[in-house]
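Subject: Structure for your study

Dear colleague,

Please find below the structure that I am handing over to you. I would ask you to look through it first and then to read the notes that follow.

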Amino acid sequence: MGVMIISFLTVIMAGVCVRFYFLGKQSRYMSPKLGVNHGHLMVCPNKPNCVSSQMDADRHRVLEIEGGQAAFDQIRKHLFMQPAVQVMREDQRYIHAVYTTKLFGFADDLELYLDDDDRIQVRSASRVGYSDMNANRKRVEALREIAAVKK
């Protein structure tokens, strides 16, 4: 009986891993609608796997990043040095980068926009799934610390 239960649980776990593998692969080929429209980044979907400095709802809200162009450039430099990050688009006021998770290769989008008030508006969102276990919020807070470092 014990062997049967262990075998059953092994098959279930293998199925879950295969499912996550294909979801991760699928997320890397998605083309989310992103960018700045009239000074605003896209609104977060009604799932807790997205944070934005331009959202009012507490579950999505993060503070913008202070520091202006110097902080923006510091974050840009950091992003280009990260092996699991690919900068997809960048200019003087906007960056779109894709983070890929280690375990199953899920793609998360990060957007940074240096607004007219010299604040960095930020949006970080998972492409698939419902929850992100606060990964996007933690990512933004880590970038906030990087922006505060003077180099």
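A pocket, as the word is used here, is an open set of grid points where a 1.4 Å probe fits, with protein on both sides within 12 Å along at least five of seven lines, and its lining residues have an atom within 4 Å of a point. Please also keep in mind that this is a predicted model.

The largest pocket has a volume of about 580 Å³. Its lining consists of 24 residues, and T101, D108, D132, M133 and A135 are those that lie nearest its centre. Helix α1 (2-28), strand β6 and helix α3 (135-148) each contribute at least two residues to this lining. The largest share comes from α3, which supplies 6 residues. Sorted by class, the lining of the largest pocket holds 13 nonpolar, 6 polar and 5 charged residues.

The second largest pocket has a volume of about 190 Å³. There are 15 residues in its lining, of which P32, D109, R123, S126 and R127 lie nearest the centre. Strand β7 (residues 120-126) gives the most to this lining, namely 3 residues. By class, the lining of the second largest pocket divides into 7 nonpolar, 3 polar and 5 charged residues.

**The protein as a whole**

The protein has 151 residues, and 40% of them count as buried. Its secondary structure comes to 3 helices and 7 strands. Read from the N terminus, these elements follow the order α-β-β-β-α-β-β-β-β-α. The C-alpha atoms fill a box of roughly 65 × 30 × 25 Å along the principal axes. Among contacts between residues at least 6 apart in sequence, 51% join residues at least 24 apart.

**Strand β5 and its partners**

Which strands pair with β5? One is β4 (residues 85-90), which pairs with β5 in the antiparallel sense over 5 bridges. These two strands form a hairpin with 3 residues between them, and Q86 stands opposite V98 in β5. Another is β6 (residues 107-114), which runs antiparallel to β5 and is joined to it by 7 bridges. In this second pairing, H96 has E111 in β6 as its bridge partner. The hairpin of β5 and β6 has 6 residues between the strands, and G105 there takes a positive phi near 75°.

Strand β5 (residues 94-100) is largely enclosed by the rest of the structure, because 6 of its 7 residues are buried.

V87 is a residue of strand β4. Leaving out residues up to four places away in sequence, V87 touches L79, F80, I95, H96 and A97. The C-alpha atoms of V87 and E111 are separated by 9.9 Å, although the two residues are 24 apart along the chain.

**Helix α2**

How does the length of helix α2 agree with its number of residues? At 1.5 Å a residue, the 14 residues of α2 (residues 68-81) should span 20 Å, and the end C-alpha atoms are 21 Å apart, which agrees. The buried residues of this helix are G68, A71, F72, Q74, I75, R76, H78 and L79. They pack against β4, β5, β6, β7 and α3.

Most residues other than glycine have a negative phi. D118, in the loop between β6 and β7, has a positive phi near 65° without being a glycine. N134, in the loop between β7 and α3, is not a glycine either, and its phi is positive at about 65°.

Apart from neighbours within four places in sequence, D115 is in contact with R93 and Q121.

With kind regards

Conventions:
Residues numbered from 1 in each chain as written. Predicted model: local features only at pLDDT ≥ 70, side-chain atom pairs only at ≥ 80, totals over all residues. Heavy atoms only, no water. Buried < 20%, exposed > 50% of the residue type's maximum accessible area, 1.4 Å probe, protein only. Helix = DSSP H or I, 4+ residues; strand = E, 2+ residues; numbered from the N terminus. Pairing = 2+ DSSP bridges. 1 Å grid on protein atoms, 1.4 Å probe; cavity = no way out; pocket = protein on both sides within 12 Å on 5 of 7 lines; lining within 4 Å. Points joined across faces, edges and corners; volume = space filled by probe spheres on them. Nonpolar A, V, L, I, M, F, W, Y, C, P; charged D, E, K, R; others polar. Expected span 1.5 Å × (residues − 1). Contact = heavy atoms within 4.5 Å.
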